[in-house]
Structures are given as structure tokens and as C-alpha cells.
Amino acid sequence: MRKQDELAAKNDFKVTYSYSKDHRPDLKQMILNLATTGASSFPIWMESHSGNASDKVVLQQAAARMQAFCAQLKEAPSFLFVADSTIYEKCIQEAKGSKSDQSLHWLSRVPHTIKETKTLLALPDETQKWTLLDKGYKVTSFSSTYGAVPQRWLLVFSQQAYTREMATLQRTIEKEYDAMEKQCTQLGRTVFNCIKDAQKEIPLFEKKLKYHTLFATVEPMTAHKTAGKPKKGQEPGIIGYKIKAKITQDQSKIAQVGLQKGRFILATNQLDKQLLTDEDMLKEYKNQHKTEVSFRFIKGNTFEVSSVFLKKESRIQALMMVMTLCLMVYSLSEHLLRSALEKNQETIPNQLKKPTSKPTMAYVYRLFHGIQVGVYNGRIMCSNVWLI
């Protein structure tokens, strides 16, 4: 058996076929874990995993391996693992079980399902001491020992997110009203044999309401039970009961839900505010989008990741490594280009023909096309170069 076959046999990497966002269950699925850093989102770590691997497990394990690797470097900077709420609980478990004083430093969003989180998100604005930041952000810090792990929690409010989420909430309220109004009309047409049956239906209907309140009364239906003209002085009798109902917006519920819009909580086990300030916590968390940009480059049509024709799993892993190497070259070249433009105070036209000093290398590559290279009498010849 060859050496690469031996390594592949020891690896748990497996290609799977499961749920696909493109509705293509026939496509191969695998996971590429990628860690980036710096202004250019330079990839510093990659791992390949089976398509059914859990993020809650592999991400934290990868962070621990990166921490151990950085510890072996003489001049490695301090390491901060930044991820979304998926890894929060796993980080808490690892911190509780760690016997080392130099545990992994992490920064994560706290899941909204935690009881302590729900309490902080519902706090009125006027009871908090906010620190105003740029771009409509404001923050306030708390200390937490959730999971018996000392942490710093940062309650963050974003004006942009608040505006967006409140618009979504308003649409949700309107949809609920339209749907419940139809059911309310249908309920009013239903005839009940006794008053108790009608009264039992009211709380069942109220449970369906999230942003509205039901005002309902049970009224008897009267009619003469005998056919023909009623006798003089004969009173009509009760033949059934109906519910007279109306729904209106519950402003107290809406205000309570609206108070949580635009808010989220960040947590870190880095307790030293000089090493990681509150402002830097938000900045580092928002920098996750740079990793997403790197993934967008890998998933783009350049590599045709959705069409992996390789069958051998060791070769698929090698292909994923080549993709990451290409990303390294791409990130470095983009950083060097932007630095040169900034240093020389120069710009190039972007897709809208407007000057920019921060172009993407994907666009710059498209500026050069139609290049033909040939060899003539031992000399390399280049011709047909167009700029668009």
C-alpha cells in the first residue's frame, strides 16, 4: 500500500450524500473548515471533514489544535478563536474540563435560548449605561459565570438591525391579524349547543395569538321553536350559543418583543479589558464576514466545487488543500495591490466606472483577458491583450 493510501485509511474523512441546499441529493458533500486572519483574510488553517460532521464538535477541536500549533511558534501572537453561537456551549464545556491555566481564548455570540440571555435582552434601555460606538452601535458590559465559567458578556444594540427587524416584525403582526381575523369570523358563525362548549373554545383560540388580544363574549341565539305564527305573549327560546369576538393588537406584548430587536450578546473568556476591549469584541466578531468572503471565493464558479468528479477520498482532500492554497495566493495578491494603491494614493475604476482604492482581485483578473502566449524560435511571444 502506498503512503498516501495508508494516511487515507487512518483518516475519518468520508464523502456523504445528504440534504443539499441546491436540491441536488446526488452531489457529493464534504466540509472544509477554514480559519483566516488579518486585513486580507489570509487563510492560516484548513481542515477537511466528512459531509455529516457536526460544527459544534469539529470547530472547537480545530481551535484547540490551532492553539497547540501556535504555542510551538516562538513569536506567535496571542490566539483568539472567534465563531458564532454554534460553538458557545462547547467552549463552556471545554473550559470547565480544562486543567490548564492557559486555556483557549474564545469570542462567541451567546444563544438566545439561554435564560440569562433572555433576561438581559429584555432590559429597558433607560436602565443601562450604554457606550456609543460608530455606525449606530451601542454596547454595555456585564460579568457572567454561566456554566461555572467566568466570562465577559457584551450586550450590543445595532440601529440598522433594529430597523430591519422591526419592519419584519410589523409584517409578521399584519400576517397574524389577517389569518386570525378569518378564523375569528369563522368562530363567530359556529353554533354551540351549550354555553360551556362555547366558553371552552375561547382559551383555545387565545393560545394561537402571539401579538393580539381576543375580546369575546358568549351570546344566546333565540328563536320560536314551533312553526307558524307565534301565539300572543309567547317568548322565543334559546336554540344555541354563538361567540361574538374581536381581536386587537396587544401593545404590551409588541413592546416587549420590540425591545429585544436589534440586540444580541457576545461572550468571551478573555477577562482582561486591556487585551480585548469592549469595542474590539464587537469589531472582532464582525470580522467574521471576511472568512465568509473567503468561502465565497472557494465556492465560486472558478473551482466548480459543486461538481467534484474525483472519487478517491484522499484526492478530494488534496483538491480542497489546493483550493486553500489558491485562496492564499488570491488574498496575498489582493492585499499587496490595495496596499500599493493606498501608498501611492492611486485608484482604478470599479465595475461602475467609479474610482476605488480597494478593488477585488477577481475584478482585476477580469480586466486582463484574451491573452495569447506562444513560443517562436525559442522566444516567448504575448499578444492580443485587451483592457475593459
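## Overall picture

Of the 388 residues in this protein, 32% count as buried, where buried means under 20% relative accessible area, exposed over 50%, and partly exposed in between (1.4 Å probe, protein chains only). You are looking at a predicted model, in which local features need pLDDT of at least 70, side-chain atom pairs count only at pLDDT 80 or more, and totals for chains, interfaces and linings use all residues. Residues are numbered from 1 along each chain as its sequence is written, and side-chain values use heavy atoms, with hydrogens and water left out.

The secondary structure comes to 11 helices and 16 strands; these are DSSP runs numbered from the N terminus, with helices (H or I) of at least four residues and strands (E) of at least two. The protein exposes about 25900 Å², and carbon and sulfur atoms supply 54% of that area, computed by the Shrake-Rupley method with a 1.4 Å probe; for residues, only the protein chains shown count as cover. Among contacts (heavy atoms within 4.5 Å) between residues at least 6 apart in sequence, 59% join residues at least 24 apart.

## The sheet around E7

Let's turn to the strands. An open sheet is formed by 6 strands in the order E3-E4-E10-E7-E6-E5, with mixed pairing; two strands pair if DSSP finds at least two bridges between them. Strand E3 (80-83) and strand E5 (131-132) are the edge strands, each pairing on one side only. Helix H8 (residues 278-286) packs on the sheet and touches E3, strand E4 (105-109), E6, E7 and E10. The direction of H8 makes about 100 degrees with that of E10; axes are lines fitted to C-alpha atoms, for helices over the stretch in contact, and angles run from 0 to 180 degrees between N-to-C directions.

Strand E6 (residues 137-144) runs antiparallel to E7, joined to it by 8 bridges, and Tyr137 has Ser158 as its bridge partner in E7. These two strands form a hairpin with 6 residues between them, and Gly147 in the turn has a positive phi of about 70 degrees. E7 is also antiparallel to strand E10 (residues 263-268), with 6 bridges joining them. Here Trp153 stands opposite Ala267, while Arg152 stands opposite Thr268.

## A strand covered on both faces

Why is E7 largely enclosed by the rest of the structure? For strand E7 (residues 151-158), 8 of the 8 residues are buried. In a regular strand the side chains alternate between the two faces of the sheet. Gln151, Trp153, Leu155 and Phe157 are buried on one side of E7, and Arg152, Leu154, Val156 and Ser158 are buried on the other.

Gln151 lies in this strand and is buried, with a relative accessible area of 3%. The side chain of Gln151 makes a polar contact with the side chain of Trp153 (3.0 Å); such a contact is a pair of N or O atoms within 3.5 Å, where within protein one must be able to donate a hydrogen and the other to accept it, and residues adjacent in sequence count only if both atoms are side-chain atoms. Leaving aside neighbours within four places in sequence, the residues in contact with Gln151 include Tyr88, Trp106, Phe142 and Leu271.

## An exposed loop residue

Lys225 is found in the loop between strand E8 (212-223) and strand E9 (237-249), and at 67% relative accessibility Lys225 counts as exposed. Beyond neighbours within four places in sequence, Lys225 is in contact with Gly237 and Ile238.
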